[in-house]
Amino acid sequence: MNRRTLLGGLFAAASVPALSACASGVTSLNGQGSASGGGGSSKGGVTIGTANFTENQVLGYLYAAVLKQAGVKVTVRPNLGTREIVIPALRSGDIDLLPEYQGALLNYLDPKATASEEGAMQNALTLALPAGLQILPYGTAEDSDAFVVTRETAKKYALTSLADLRKQNGRLVVGAAPEVKKRRVGAVGLKDVYGVEFKEFKSLDSDGPLVKGALKKGDVDVANLFTTDTDIEANGWVVLTDPENLIPSQHIVPLIADRKADDTVRKALARLGNVLTTAQLTELNRLVDKDKKDPEEVAGAYARQHGLSK
Amino acid sequence: MYELLKNLGTWLTSGAQWTGPDGITHRLAEHLQYSLLATLIAAAIGLPLGLLIGHTGKGAFVAINLSSFGRALPTVGLVVLVFLAGGLSMLPVYVALVALAVPAIVTNTYAGMSAVDPDVRDAARGQGMRGHQVLFQVELPLALPLIMTGLRLALIQVVATATIAAYVSFGGLGRYVFDGLAQRDLVQVLGGALLVAVVAVALDLALSGLQRHLFRHRTA
Amino acid sequence: MTVDWSWIGDHTDELTSLTVSHLQAALTAVLFGVLISLPLAVIAHRIRPLRGFLLGFSNVLFTIPSIAIFVLLLPVSGLTRTTTVIGLTVYTLVVLLRNTVEGLDSVPAKTKEAAKAMGTRPLRTLLTVEFPLALPVIMAGVRIATVMSISLVSVATYIGDGGLGQLFTDGFQRNFPTPVIVGVVLTILLAVVADALLVALQYVLTPWRRRRA
């Protein structure tokens, strides 16, 4: 064996680990594992997906506005569907980033989880998330599920809290999006925690025209809405209180694929998270739903007004 | 794949799945109700229209091209539009289904009427029959096979599309598809789809069998 | 229910891109439908036992609700345009298969025999005699498939795609009729124009029928 062959062989042997590292992703070399998210990059552009309700689209476009300002190439895919559809899309790479809600996400990932305070939930989420996904720090703004009745219904059955529903077991009809039938923050949890059983579960939509229309008409007695919906106050609807803390804290938290999580993205989203308040988010929702403004336009205007983008 | 089919088998055969407000029996009944009523209404509109155009020969352009137009109408859009205009009721569903069924009925009725041998028409008139007598005693019976085909095609299309009722919160077999979609429960989606297909195919076979039997004595 | 004309004016960009996306999905599905149905139709036409099976199977496929097909494809091809196109192609395929077989059936046996007597090989007969004569019926199928496809694209809005269908979801969620009306009108317009173009195409492709008139 002459020197050239030996050198060639050494070179080949040395390049094998490097090549296999390239093939399996940088993370295996730095050994931190994807949970801590080292090695992501937003250079190739980030695709933001949003679920099928107004607020999520507003949030999606807010994310887009701040990321664009930070120089990231952004694509928004709005109105994709329910969490049950969107999260698999995140895992498979069809989308990279998604505005999520702490409590709801935790219940989706780990139905047995009992954490309900923000910090504890953040930890629980990090543990519960599958490989390849991570959450970024949660923002100030919050939007919880609410179980709502009309003033008349509240009076008729003396309802002030979710616990009161139990006295009317088998009499009341609840309306919510179809997926709520199987969720802990939904029919399943109401039964487990409060012992509530409804006469019927009507599959409607996520705080949309169907469920609100049904509540107004009296087709349903209890409706599952969101706390940032201005219709609740406007119609004088009563939000049933939650003494057992079934409905956990629901701060808005970005859910992102590891491969796209870098400091640029982190910083931009953190700024947004610190600035956006629940009241402001509610107002943005109202602009889109009632004033028929575009979510993209409304988000862009907000970002500019609050110095998050030019 | 095998797992999915196995779960589907369980879903279809479990007794609990067939009973109750969300059971297959109830959803099937709802689905058939929507389909039959919509087709009936469409027939009430489409038959007279097709007969009139076929009998007078005027407006043939409409009859021929109505199918194209009807096919172009996006069902989802129509349902949403009527919902926004009229609120939450079965009206949007029926409007969309009737709009879907009418073209098939009109086009086939017209085709049946225009296939009537002009000599036969002339002979009838020659015998002194008046317009409406020619229509009901001569043309209609001769056009009947194609008219029935039109009704059958319309019904099948309506059965396949009546899943749309679930989009605006109502029942029918579409409930399984939409709930399954929202809950990421593919077994439910597959079950719903399969049931719709089975119902449509069964109706198709039954009605074409009936047609063949009714017109078994006819030549050509 | 009133139309907000200013909304339309403000959103011409979005409407254009949705229309293009919508058309792209529909036409791709028709193209794939044609490519797959042509060989299948020849098989169904030539091989008697397979004919019943192929036509029967495709009839059953046609009765499966489109929303269900899209949803069932999600685990296969994800929340992507591919899912939409595959779903649409199932339906265009059924229509095209039916019509192409019917078209091939309509070629007079005597014409085929004449070609055979002249020594033309089967493939050449197929390409130069059978398909051209079957063209009117095949084109009728292409027209039906195209119009149907354009209408069906909007169903894909339930899986996050949908072209102009997104206007329906948007209008529905916000109780806003304008985008819905615009979406319906544009969809119908697209279908009518596509249909007219195909009629023109058929006219161009069948000069022998023109001369007869």
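## A walk through chains A, B and C

Start in chain A by selecting strand E6 (residues 173-176): E6(A) and E7(A) run parallel and are joined by 4 bridges. Keep in mind as you go that this is a predicted model. For one pairing to look at, pick A:Val173, whose bridge partner in E7(A) is A:Glu200.

Now widen the selection to the whole sheet. Its 5 strands follow the order E7-E6-E8-E5-E9 in chain A, the pairing is mixed, and the sheet is open. At the edges of the sheet you will find strand E7 (200-203) and strand E9 (238-239) of chain A; each has a single partner strand, so one side of each has no neighbour in the sheet.

Next, show chains B and C together. Here 27 residues of chain B are in contact with 34 residues of chain C. To see the side of chain B that touches chain C, select helices H4 (60-72), H5 (75-86), H8 (131-161), H9 (174-183) and H10 (186-214) of chain B, each of which supplies at least two residues. Which helix gives the largest share of that side? Colour H10(B), which contributes 9 residues. Colouring by residue class on this side of chain B gives 21 nonpolar, 5 polar and 1 charged.

For the last stop, stay in chain B and go to helix H7 (residues 118-126), where B:Val120 is found. B:Val120 counts as partly exposed because 13 other C-beta atoms lie within 10 Å, a number between the 12 or fewer of an exposed residue and the 20 or more of a buried one. Finally, draw a C-alpha to C-alpha distance from B:Val120 to B:Leu181: the two are 61 residues apart in sequence and 56 Å apart in space.

Technical notes
Residues numbered from 1 in each chain as written. Chains lettered and ligands numbered in written order. Predicted model: local features only at pLDDT ≥ 70, side-chain atom pairs only at ≥ 80, totals over all residues. Contact = placed C-beta atoms within 7 Å. Nonpolar A, V, L, I, M, F, W, Y, C, P; charged D, E, K, R; others polar. Pairing = 2+ DSSP bridges.
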